Amino acid sequence: MEPSITTSLGQIQLERPVMLASGILGISLDVFNRIHRSGAGAVVTKSLSTEPWDGYPNPTIFSVGGGGWMNAVGLSNPGAPNFAKMIKPNHDVPIIVSLVGSIPKDFELMIEQFENCKVTAYELNLSCPHVAKVGLEVGDDPELVKEIVTTAKNSTNVPIIAKVGLGTTHYLKTVGTAIESGIDAITAINTVRAMAIDVETQRPILSNKFGGLSGTPIKPIALRCVYEISSKYDIPIIGCGGISTWEDAVEFFLAGASAIQLGSAVGDNWINVFDDINKGILKYMQKKNYSTIKEMVGLAKKS
Amino acid sequence: MQRNHNHTTIVTIEKVIDETPTVRTLVFSDEIMSNVLPGQFAMVWIPGINELPMSIMISKESGKAAFTVRKHGPASTGLFNIKEGQQIGVRGPYGNSFDVKKGNLLLVGGGTGLVPMMRLLTFVKPTDNVTVLIGAKSKDEVFFESLANNLLENNPHKVIVSTDDGSYGEKGYVTDLVEKLVSENHYDGVYVCGPEIMMHKTVLAANSRKIFVQASLERMMKCGVGICGSCCVGEDLVCKDGTIFDGEHLSQNKEFGIFHRNKAGILENY
């Protein structure tokens, strides 16, 4: 029998385990449709705020080589109300709406906007490393994480995912708090706070000076985090960080992730990367005689 | 070692040419940028100010390239104000290039939209009959007319300037001339770059007569490499699928000629 690459994260059912990560290309429904057709099991939107944000001036994104990317886009987004209007006609694409805010009320207000939209899940951005008062600064405050997750859970029946990263509070503590507050799944990890300096002009390249490092260089870190989370907690995990090949994806499954997200790989390999990874996973499953993704999730922990 | 084209390379501006009171050409040495295909662009870093996408201009000297910039917003004004000896960063080249047909060609450029047209002129065959239309608001804003004539000195060619106020060349909008030319002549290829409305009208004029036409689109860009999504037009990404699109493809696009996105990604009317 042909193996199946469908996967589930609690109540979330996905036709394919590879998703587009938040912040990447997530601005128009037409593009979402195209990425879905290219093989993504779901698309995660850019992180939306209650109001439109312009983000930082350029330079906001560049390559640091070796499959590594640096960005400080500054969470530019059209705002939740505009975005909800835009995706309202959607029926076909599994859309995970990423939300960013400072206080619980922000999340409640934003979720309200999507009442009449087809939303597969919400992903709370508790980990953007380069914007003040939101993202990682929120994720680092356990009390705030508790309040935000509780409020989000009380605002909707749609599953809620928390995206965590490497801040000043240990991410395992943040994950634990989110689970206690009723979170449905965890995405790990966000980009890692970093910077780059141009030696010729002797100044930081990003307009924001600090940004987030993504891509190949952070893959081993992200993998370690997924392994640690799955070792400590019983919660569906989405692996994210430097995944660009099917082998990377399988590594994350073996570490305990049931699905994966990718972003930087789109910059290096364009959107064919989704289908390439799906096919690679399928071949691996045939070779290893697995009929479902679930059979390999967490296998690396057995030894 | 091969250069990582996604990483910024620092170059020094060697010469600044005033084209008009608001347009300057900045020349620098860079082997890779000097040999790009017509229509390709670079992301240009003005240290401490901003980074913006720029079509890569030709230079008379081999091994050199240039950017021709009109001062407009903070980023382009920052680039406009760069002096000889100052440094900027470049990454790329990015984007596709014009499909250069043979035979009767019509090139339409408005303002700095002439930049990719000048590089395209270096790719035409001596047997091609080439017409260049230059659109400008007024006499002060006309540039690249003699450059176009020089580049075409071995071709049967015409360079026609039109100004909106009639202070130089023909009076009126360049798109009215396009309409007239495509209705009276046969063309094997029409190429356009400039304000979106100008491109939209040119594409419509060519499409309705089944003439092959390509337009080089401009959108706000952050990454230039298909990550940020800022430059999407319908389902197309200008940086990755373009900047050059066939007229036939554009006729299916719901946003071309009508909307662009602001920094927050909200659609705005032209």
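Me: Angles under 35 degrees count as roughly parallel, over 145 as roughly antiparallel, 65 to 115 as roughly perpendicular and the rest as oblique. How are α7(A) and α8(A) oriented to each other?
Reply: In this predicted model, local features need pLDDT of at least 70 and side-chain atom pairs pLDDT 80 or more, while totals for chains, interfaces and linings use all residues. Residues are numbered from 1 along each chain as its sequence is written, and chains are lettered from A and ligands numbered from 1 in the order written. Helix α7 (residues 219-232) and helix α8 (residues 246-255) of chain A pack at about 25 degrees with axes 8 Å apart, the angles running from 0 to 180 degrees between N-to-C directions. The two helices, α7(A) and α8(A), are therefore roughly parallel.

Me: Which residues of α8(A) make the contact with α7(A)?
Reply: Contact requires C-beta atoms, placed from the backbone, within 7 Å. From α7(A) come A:Lys219, A:Leu223, A:Val226, A:Tyr227 and A:Ser230, and they meet, on α8(A), A:Asp248, A:Glu251, A:Phe252 and A:Ala255.

Me: What is the handedness of the crossing of α5(A) and α6(A)?
Reply: Helix α5 (residues 142-155) and helix α6 (residues 171-180) of chain A cross at roughly 35 degrees, and their axes come within 9 Å. A crossing is right-handed if the near helix is turned clockwise from the far one by less than a right angle, and left-handed if anticlockwise. The crossing of α5(A) and α6(A) is right-handed.

Me: Which strands of chain B each supply at least two residues of the side that touches chain A?
Reply: In all, 29 residues of chain B are in contact with 36 residues of chain A. At least two residues each on that side of chain B come from β4 (50-55) and β6 (87-94).

Conventions: Helices (H or I, at least four residues) and strands (E, at least two) are DSSP runs, numbered from the N terminus. Two residues are in contact if their C-beta atoms, placed from the backbone, lie within 7 Å.
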